[in-house]
Amino acid sequence: MGMSVWDYCVEEALAKLGLLQLLRSLRPITPSLEKLNPEAPIEAKEDDEFEVFDELQPWDRASVEVEIAESTVQKWLLDIPSSGDEIVTKGGAIKCLVEHPHQFKKLVLFSGNDYLGLSSHPTIGRAAAKAALEHRMGPRGSALICGYTFHHRLLESCLAKLKKKEDCLLCPTGFAANMALMVAIGNIGSLLTEGKALSDDQKIAIFSDSLNHASIIDGIRLAERQRNVKLFIYRHCDMAHLNDLLSSCTLTKKVVVTDSLFSMDGDFAPMKELAMLRKKHGFLLVIDDAHGTFVCGKNGGGVAEMFNCERDVDICVGTLSKAAGCFGGFIACSKRWKLLIQSRGRSFIFSTAAPIPLIAAGHAAAVLVAKREMWRRREIWNRVQDFRDLTGIPIQSPIISLIVGSEGKALKASRHLLKSGFHVTAIRPPTVPANSCRLRVTLSATHTTEDVKKLTSALLQCIRFQDIAINGNSNRYARL
């Protein structure tokens with residue numbers, strides 16, 4: 001099946017929505033500044049004059065250094081459940097931190113997703129502050145009602161360019177983006193058959209990697225409830241198994257969906273092989289590039305750019321909540337697909353649009369800082385090499401999955417790292433299967449070589465690196 005068939009299916013689905021008067025439109029608005037001009041406006045420069053830097057700055061450390069209350073530390077060490085209220089004090093947590101520093105413990109974060117360290121970047125903060133003073137939060141409503149502004153449209157255009165796609169749709173979160181896309185795909189079948197029950201050969205076949213993110217899994221489950229799709233799960237990154245499933249599938253419309261960089265295992269989807277299979281079987285290729293966007297590729301375009309197969313990816317889901325250091329998700333796709341998703345993707349339709357300050361921050365991060373401060377991508381991959389050299393473990397990415405086995409072992413290792421001054425959490429069931437519990441270590445551009453040396457030294461006291469290196473990476477373990 002050629003890709004023109006998918007274009008035909010989407011076009012027919014859109015035509016049906018048009019007849020039913022169910023097509024939904026995004027109409028950018030510009031909030032009035034007349035009554036919102038602050039008396040003392042923030043001193044901010046124009047976008048093209050926002051400051052960028054060519055090396056690590058002191059404030060960068062705020063993205064990887066935190067302090068937590070000693071009461072929280074004790075509950076963590078004793079594995080006592082917490083609702084997060086330990087640092088609520090009469091004077092407030094900040095006052096307590098200033099007046100009683102001994103009640104807090106300093107930690108270096110090795111567990112977050114702020115891969116480039118942009119969450120503490122002053123240019124991004126300044127962009128958000130400037131937008132907040134000019135527009136406050138902006139119109140509050142769903143994107144289809146009144147929440148979609150010129151700022152949203154500008155960010156969409158920039159992300160589409162980054163991903164080399166025709167258009168882009170902003171979503172509240174990356175989770176919502178995957179949910180909206182999967183539900184929209186499930187809607188195509190019912191639209192083409194005018195709501196009648198589909199025969200098995202009219203359904204859409206979705207092929208999903210066994211370790212895909214929960215948002216993809218839940219989105220497919222919702223699509224299955226419509227009884228318009230048939231799900232096939234292939235073994236993790238096993239292209240021979242995927243090829244067998246595709247070859248034996250008699251359904252005409254096929255979709256393959258996969259994480260590009262797997263969040264719990266740190267390995268890459270075999271993009272080159274997927275591109276070859278796409279040419280052979282004519283399926284729609286969807287990737288969730290949440291952990292690769294801004295981190296991978298010369299321009300930060302993501303995993304597809306890194307493997308030089310951007311043209312082979314039909315739809316790319318991404319996020320601003322990780323390497324961009326901000327918040328929100330997006331779907332980079334064709335204009336046809338965007339119109340379909342914004343008309344049928346329930347998690348998009350029924351969610352309030354992101355406030356303008358968040359959008360302004362995302363634009364500053366994606367278009368200005370992440371693009372121009374290329375040294376950040378260089379530094380995070382230098383830290384990956386540091387970890388390889390220090391441990392002998394052939395990790396592939398800034399996500400390091402150290403399987404220790406039982407839940408007790410994982411918790412013990414995490415507590416040891418906590419005592420040593422590192423924030424690394426134990427990953428346990430149901431996120432991973434029993435006896436494949438692990439420490440998920442993540443590296444950042446704002447970590448130093450010395451940080452990595454100290455971490456590996458602490459890890460050596462609770463993990464046998466030789467065993468991990470001999471056993472290989474963790475992708476032989478199933479997550480669900």
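**Salt bridges and a helix contact**

Guide: Lys279 counts as exposed because its relative accessibility is 62%, where exposed means over 50% relative accessible area, buried under 20% and partly exposed in between (1.4 Å probe, protein chains only). This is a predicted model, in which local features need pLDDT of at least 70 and side-chain atom pairs count only at pLDDT 80 or more, while totals for chains, interfaces and linings use all residues. Residues are numbered from 1 along each chain as its sequence is written, and side-chain values use heavy atoms, with hydrogens and water left out.

Visitor: Which residue forms a salt bridge with Lys279?

Guide: A salt bridge is a side-chain nitrogen of Lys or Arg within 4 Å of a carboxyl oxygen of Asp or Glu. Here the partner of Lys279 is Asp312, with the closest N and O atoms 2.9 Å apart, and Asp312 counts as buried at 13% relative accessibility.

Visitor: Which side chains meet Arg376 in salt bridges?

Guide: Arg376 meets Asp60 at 3.0 Å, N to O, and Glu373 at 2.6 Å between the closest N and O atoms. Arg376 counts as buried at 0% relative accessibility, and Glu373 is buried with a relative accessible area of 1%.

Visitor: At what angle do H7 and H12 pack?

Guide: Helices are DSSP runs (H or I, at least four residues), numbered from the N terminus, and axes are lines fitted to C-alpha atoms over the stretch in contact, with angles from 0 to 180 degrees between N-to-C directions. Helix H7 (residues 174-192) and helix H12 (residues 335-344) pack at about 95°, their axes 9 Å apart.

Notes. Helices (H or I, at least four residues) and strands (E, at least two) are DSSP runs, numbered from the N terminus.
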